[in-house]
Amino acid sequence: MTARLAPTVTQARDAVRPAPGGSAVELQDVVKRYGDAAAVRGVSLTIREGEFFSLLGPSGCGKTTTLNLIGGFVEPDEGEVFIQGRAMTGIPPYRRPVNTVFQSYALFPHMSVAENIAFGLKMKRTPVPEIAGRVARMLELTSLVGLGDRRPAQLSGGQQQRVALARALVNHPAVLLLDEPLGSLDLKLRKQMQLELSRIQREVGITFVYVTHDQEEAMTMSDRIAVMDRGAVVQVGSPQAIYERPASRFVADFIGASNVLPGRIGPAHPGLTVVRLQSGDEVRVPDTGGLAEGTPVSVVVRPDRLEVRPVAPDEGANGLRGRVTKVSYLGTYWQIVLVAGGDLEVTVHHRTAPGEPGSLPQVGETVCAVWLPAHALCFPE
């Protein structure tokens, strides 16, 4: 393969293309290799101005590398990165209209909160009165009023995270990159900071590009999500669209809890397809669009779409009989696990009204997990 010749900074600055639809960031067929391994494989994305956009996927899927390509910490081997319509090849991180918040925060321990926030402005030789005004605004925006004189060691983890965020925002970047900034916080504080980040992003109106492996975190904060797997983007959409209409078994299994039931396509029915599960049971799913009989597939059903009944379902529903192996109370619902057809494990999330115990099966009892065909997804293997 012919080596790519990187243009000079001047050439990259001059390579301007329009940003249709108000795109803040655009990646076109971007590839990044480390030796023989491709960390990012042909990624194309358009991130809109002012949106909270998350890169979501398991460890090693390429999401942090994609963020680093936007920030300029690494250069693509193929493809191009545009920020606000301008090609970024050859432009170093400090010359790009972006700032980055890392998981470590990287605050200066010998400086006060206010001095940490003001550091970038001082490097740009911003007038002192303007620095004071912008720092005061950031302290207010990030709920740090009254803490400007403290050192980072005197702050909680959540407060340190806010300082790092304020330091990044005070320079008014076009895009803020966030690389798992809540990863070191405990669960309660992390959930609190998710709401804080969403509030701050709405107030400042800056495009946020957020990296996380936590699907609940991405769904809580994001306008849109790009799900990544093995260096490629496998689906982009709103949290609701990705949860309700996943494009593949991987997405369905990664976004939210799922029951994955292996089987093969059976005979077609009008508007429906029969799947013969490995357990020996037959279930119906929405029309699979002409998959041949015998094709290996996976039927995916969310636990919150299932009900537990003592008897077989009505004719219009699917049902799997099995023995209850575990019943757990998880606050907002009961989790019921049953084993059907030998070793096929099925999980049901059974909700009850507050104060209402509901009718729960007992461990060892044989019951039926029931769901409607329309609530199932079917993916070829």
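1. Let's start with G157. Apart from its neighbours within four places in sequence, G157 is in contact (heavy atoms within 4.5 Å) with Y105, L185 and L189. G157 sits in helix α5; helices here are DSSP runs of H or I with at least four residues, strands are E runs of at least two, and both are numbered from the N terminus. G157 counts as partly exposed, at 29% relative accessibility (buried is under 20% relative accessible area, exposed over 50%, partly exposed in between, with a 1.4 Å probe and protein chains only).

2. A word on the source: this is a predicted model, where local features need pLDDT of at least 70, side-chain atom pairs count only at pLDDT 80 or more, and totals for chains, interfaces and linings use all residues. Residues are numbered from 1 along each chain as its sequence is written, and side-chain values use heavy atoms, leaving out hydrogens and water.

3. Take L176 for a closer look. Leaving aside neighbours within four places in sequence, the contacts of L176 include L165, L169, F208 and V209.

4. Finally, G85. This glycine lies in the loop between β4 (78–83) and β5 (86–87), and G85 is buried, with a relative accessible area of 4%.
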